[in-house]
Amino acid sequence: MANGRACKGDGVTPFSVLVEVTLRPDVADPQGATIERSLPALGFGEVTGVRVGKAIRFTVEAADETAARTRVEELCRRFLTNPVIEDATITLAPGTLEPGTLGPGTLGPGTLGPGTLGPGA
Amino acid sequence: MKVGVVVFPGSNCEHDVAEAVTLLGGDPELVWHGDRSLGDVDAVVLPGGFAHGDYLRPGAIARFSPVMGAVVEFANAGGPVVGICNGFQVLTEAGLLPGALQKNRGLKFLCTTVAVRVETTQSALTSRATAGAVLRLPINHFEGNYTCSPDVLAQLRADDQIVLRYLDNPNGSVDDIAGICSAGRNVCGLMPHPERACDTLLGSEDGRPLLKSLLGARLAGDVRLGDGGRLNASPVTTRRPA
């Protein structure tokens, strides 16, 4: 370890991470509501429940998946989300993946279930 | 009365604040966000703008600017701190004020003049204002929609921490909140810009009582949060004439 960071050669491996930041369910989402209101005019009236968030991708080096998830959860709590209004959904996979290849759709349910970080978690 | 005005990369109201402070007899001092000390200032203003480009969330990165350690220390020691607009957002991100500011209801950037009512005079921002007075102040923001949990809102109401309310809510803020103060009443945040309402040439002088309050906010005896003291624990007097 150097400067508190895990470095290559310390027995750590890279994990690809996808953090999805969304407004908490009880917080009004004006962007989502605006998109949803426009859908019937485009012929997509069957689409409901639109919520807008942001996706943040990065690589973290850690000893194992549990350690990686713990670090990412702390990062989400302290910086990537405002826990007053936002939740984070974290998806992790070992290795360094091409951008865009990591996401809920690429991981089977139960293999790497996304962890949801709620307020105060 | 020296007022430190913190300048982040992307701040754009620091000179307006400095001008207004000078007009009211104070001595403004611009403090770069990279400084780790506030020097010997008597009060601090976090001005409006787009600190660090508002990237990630407004205030999210400014919160980690080197100067913020000194701002938190100053606030925790009972020093008067006011965050205006983007400065309010920084204070909530830094945890110096509860709640958060999200995108305006209606998704419009608002640039207009609004009427706000002074709800309490027990704060560093309103000690020289009149309770119940209606002030006309400019707003310029996209993310000024104050939100907090029901528990926090109940606490704000119970402890008289809502200092300004909109008469005609422009942005969807919960309970028409335009400004709040901390439990210690020395840290205040508001979305309207009092510094742009200090001269009739600019359309309103209604910002003056708010900034005059800040200039007079240092108490005789320096009531400290750590002593369990509150700004409303004793009559407000100026340490030096403002």
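**Reading strands, helices and a chain contact**

User: Which residue in strand 7 of chain B stands opposite Cys111(B)?

Analyst: Strands of a sheet pair through backbone hydrogen bonds, either parallel or antiparallel. Here Cys111(B) has Asn140(B), in strand 7 of chain B, opposite it. Strand 6 (residues 110–118) of chain B and strand 7 (residues 134–141) of chain B are joined by eight bridges, in the antiparallel sense.

User: Before going on, what kind of model is this, and how are its residues and chains labelled?

Analyst: It is a predicted model, in which local features need pLDDT of at least 70 and side-chain atom pairs count only at pLDDT 80 or more, whereas totals for chains, interfaces and linings use all residues. Residues are numbered from 1 along each chain as its sequence is written, while chains are lettered from A and ligands numbered from 1 in the order in which they are written.

User: Which strand of chain B is joined to strand 6 by three bridges?

Analyst: That is strand 9 (residues 162–166) of chain B, running antiparallel to strand 6, with Val116(B) standing opposite Tyr166(B) of strand 9. Three bridges also join strand 10 (residues 177–181) of chain B to strand 11 (residues 187–190) of chain B, again antiparallel, and there Gly179(B) stands opposite Leu190(B).

User: In what order do the nine strands of the open sheet lie?

Analyst: In chain B the order is 2-1-3-4-11-10-9-6-7, and the pairing is mixed. Strand 2 (27–32) and strand 7 of chain B are the edge strands, each pairing on one side only. From one strand to the next, the twist averages 25°.

User: How should I read the residues of helix 1 of chain B that are buried?

Analyst: An α-helix has 3.6 residues a turn, so residues three or four places apart point the same way. The buried residues (20 or more other C-beta atoms within 10 Å of their own, against 12 or fewer for exposed and in between for partly exposed, with C-beta atoms placed from the backbone) in helix 1 of chain B are Glu14(B), Val17(B), Ala18(B), Ala20(B) and Val21(B). They lie on the same side of helix 1 of chain B because they cover an arc of only 165° around the axis, the arc being that of the directions from the helix axis to the C-beta atoms. These buried residues pack against strand 1, strand 2, strand 3 and helix 5 (208–215) of chain B.

User: Where does helix 1 of chain B lie relative to the strands?

Analyst: Helix 1 (residues 14–23) of chain B lies across strand 1 (2–7), strand 2 and strand 3 (43–46), and runs at about 155° to strand 2 of chain B. Axes are lines fitted to C-alpha atoms, for helices over the stretch in contact, and angles run from 0 to 180 degrees between N-to-C directions. Just after this helix, Gly25(B) takes a positive phi of about 95°.

User: Why is Leu110(B) classed as partly exposed?

Analyst: Leu110(B), in strand 6 of chain B, is partly exposed because 16 other C-beta atoms lie within 10 Å. Leaving aside residues up to four places away in sequence, Leu110(B) touches Asn104(B), Ile139(B), His141(B), Pro170(B) and Asn171(B), where contact means that C-beta atoms, placed from the backbone, lie within 7 Å. Phe64(B), found in the loop between strand 3 and helix 2 (67–76) of chain B, is also partly exposed, with 14 such atoms within 10 Å.

User: How many residues does each chain give to the contact between chains A and B?

Analyst: Chain A gives eight residues and chain B twelve. Helix 1 (residues 30–42) of chain A supplies the largest share of its chain's side, three residues. The predictor gives the complex an ipTM of 0.75 and a pTM of 0.83.

User: Where in chain B is the pLDDT below 50?

Analyst: Where pLDDT is low, the predicted coordinates should not be read in detail. The pLDDT is below 50 over residues 219–242 of chain B, a stretch that has 41 contacts in the model beyond near neighbours in sequence.

Note on methods. Contact = placed C-beta atoms within 7 Å. Helix = DSSP H or I, 4+ residues; strand = E, 2+ residues; numbered from the N terminus. Pairing = 2+ DSSP bridges. pLDDT = per-residue confidence, 0-100.
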